Amino acid sequence: PLWYKDFGAVLFQDNMYAIWKVQPDEDEDDASISALDKDVLSQICNAEMNTMSIMKDNDVCNKGSDGICCPPHSLIFLLRQKLATHESSCDELMDAYTMNVQIEFTNELLGCTDEYTQKFNIATKIPGIMEFCSFDYLPNVVDANFGRDGNRKVRYTSSFFNTKSDDIAPLDFYDIYESFDEADGTTVRGVYNVETDEIIHEKTEESQNADVNIALVSLGITIFALLAHSKSPWLTLIGFLQIVTAVPLAYFFYSSITRIKFFPILNLVGLFVASAIGADDIFVATDKWRNARVASPKEATTEDIAEVALPDAAGAMFLTTATTSVAFISTCICPIAPILCFAAYCGLLVTFNYVLNVCVVFPALCLYDIWQQSGSTSRFVDIRNKKKELKINND
């Protein structure tokens with residue numbers, strides 16, 4: 001078909017392509033095999049066939065009269081042209097690819113590459129007419145080093161698939177591109193160009209939603225732990241408000257005061273930091289209060305307990321807050337923007353959790369103690385209060 005001869009149609013009409021790298025884990029000087037070797041071509045051939053099958057099933061390729069996707073323009077296609085075996089399987093093709101055929105094929109590619117280079121118009125970026133090359137050669141099949149200084153090895157090659165372009169959007173590949181065959185990854189590895197801005201955006205949103213869901217589960221576990229520890233829905237509610245409120249406050253300071261406009265996805269991990277450190281501060285405050293109440297005489301007022309417990313709790317939390325916050329903020333010396341922003345945001349989260357604990361949780365503890373000392377039977381104050389009421393009635 002004329003498509004395989006058309007430089008612009010193959011390379012510049014939004015066709016999906018795969019770039020293959022031979023021995024991807026080896027340095028340039030250590031690579032010892034070529035894309036023209038039988039084992040490598042066999043893997044590329046099978047990978048192309050598997051990917052074409054997926055594209056056919058999802059109707060994203062242009063098909064021939066037999067209903068099968070048109071084969072991609074690649075080394076495999078050129079080899080089939082040379083051997084006139086377009087209908088053969090990959091195994092049959094490799095059986096015909098003897099050492100003599102490999103040498104002939106390599107020599108022909110070298111000749112085509114030389115002719116293409118000589119006739120390519122650098123000013124217009126348009127290739128000249130190929131007169132001596134025996135197949136539909138295009139420069140995507142070899143790398144820039146092929147033919148230089150006697151080099152007969154191809155380490156990079158590509159396959160351009162005849163993709164539907166009129167009614168196919170990039171997101172049509174979103175659910176299938178991860179199934180495309182990339183070969184074994186050791187001898188040769190393929191990378192497909194389907195990760196467009198739209199797909200990357202979709203993947204990012206999907207990851208963000210997953211992270212937020214995990215953060216909500218983490219917050220739910222934290223709330224359960226607060227309730228189990230404090231036995232007070234009132235204190236649990238205040239603790240929840242402290243943790244949740246620290247997030248927008250830190251973001252306001254982060255974006256408006258420090259004027260950092262970049263907010264990377266990594267900052268979402270701060271939700272876990274806010275949940276964990278906020279809960280720790282609440283545990284310290286409630287334990288300090290209870291210890292002070294137990295150690296004080298029964299006639300001690302709420303003010304007496306607050307005078308002892310709150311400065312003690314504030315001092316203990318200040319030390320842990322200061323060390324954690326400084327540890328985060330000191331990471332801002334890192335020149336990598338996402339890490340710098342993450343460190344700054346988490347440092348602010350830790351600080352605002354402490355400030356809110358002092359300003360909100362401490363007064364809530366005072367109210368809790370006042371209600372308890374006045375004989376409250378509300379389960380909202382303490383889930384054990386109902387049992388106390390029943391005991392009084394039984395007496």
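In this predicted model, the buried residues of helix H3 are covered by a set of elements that includes H2, helix H4 (90–96), H5 and strand S2 (156–160). The residues under that cover are Leu-75, Ile-76, Phe-77, Leu-78, Leu-79 and Arg-80. So the list holds an arginine, Arg-80, and it counts as buried because its relative accessible area falls under 20%.

Two packed helices are described by the angle between their axes and the distance between the axes. For H3 (residues 75–83) and H5 (residues 99–119), the angle comes out at about 110 degrees, and the axes lie 11 Å apart. That makes H3 roughly perpendicular to H5, because angles from 65 to 115 degrees get that label. The crossing of this pair is right-handed. On the H3 side, the residues taking part are Leu-75, Leu-78, Leu-79, Lys-82 and Leu-83, and on the H5 side they meet Val-101, Glu-104, Phe-105, Glu-108 and Leu-109. Sorted by class, this contact has 7 nonpolar and 3 charged residues, with no polar ones.

Most residues other than glycine have a negative phi. Ala-84, then, is a residue other than glycine with a positive value. Ala-84 sits in the loop between H3 and H4. With a relative accessibility of 63%, Ala-84 counts as exposed, because the cut-off for that word is over 50%.

By class, the contact of H8 with H9 has 15 nonpolar, 3 polar and 4 charged residues.

Thr-51 belongs to helix H2 (residues 38–57). Leaving out residues up to four places away in sequence, Thr-51 touches Met-16, Phe-161, Phe-180, Asp-181 and Tyr-192.

With a relative accessible area of 30%, Asp-211 is partly exposed. Ala-210 is also partly exposed, with a value of 37%. Setting aside residues up to four places away in sequence, Asp-211 touches Ile-265 and Phe-272. Where does Asp-211 stand relative to Glu-87? The two are 124 residues apart along the chain, and their C-alpha atoms are separated by 48 Å. Ala-210 and Thr-236 are 26 residues apart in sequence, and the C-alpha to C-alpha separation in space is 26 Å.

Stepping back to the whole chain, the protein has 11 helices and 3 strands. Read along the sequence, these elements follow the pattern α-β-α-α-α-α-β-β-α-α-α-α-α-α. How spread out is the protein? Its radius of gyration is 34 Å, whereas the globule rule gives 21 Å for 395 residues, so the protein is more spread out than a compact globule. Along the principal axes, the C-alpha trace spans about 105 × 50 × 35 Å. Buried residues make up 41% of the 395 residues. Finally, take the contacts between residues at least 6 apart in sequence: 71% of them join residues at least 24 apart.

Conventions:
Residues are numbered from 1 along each chain as its sequence is written. This is a predicted model: local features need pLDDT of at least 70, side-chain atom pairs count only at pLDDT 80 or more; totals for chains, interfaces and linings use all residues. Side-chain values use heavy atoms; hydrogens and water are left out. Axes are lines fitted to C-alpha atoms, for helices over the stretch in contact, and angles run from 0 to 180 degrees between N-to-C directions. Helices (H or I, at least four residues) and strands (E, at least two) are DSSP runs, numbered from the N terminus. Angles under 35 degrees count as roughly parallel, over 145 as roughly antiparallel, 65 to 115 as roughly perpendicular and the rest as oblique. A crossing is left-handed if the near helix is turned anticlockwise from the far one by less than a right angle, and right-handed if clockwise. Contact means heavy atoms within 4.5 Å. Ala, Val, Leu, Ile, Met, Phe, Trp, Tyr, Cys and Pro count as nonpolar, Asp, Glu, Lys and Arg as charged, and the others, Gly among them, as polar. The radius of gyration is taken over C-alpha atoms; the globule rule is 2.2 Å times the number of residues to the power 0.38. Buried means under 20% relative accessible area, exposed over 50%, partly exposed in between (1.4 Å probe, protein chains only).
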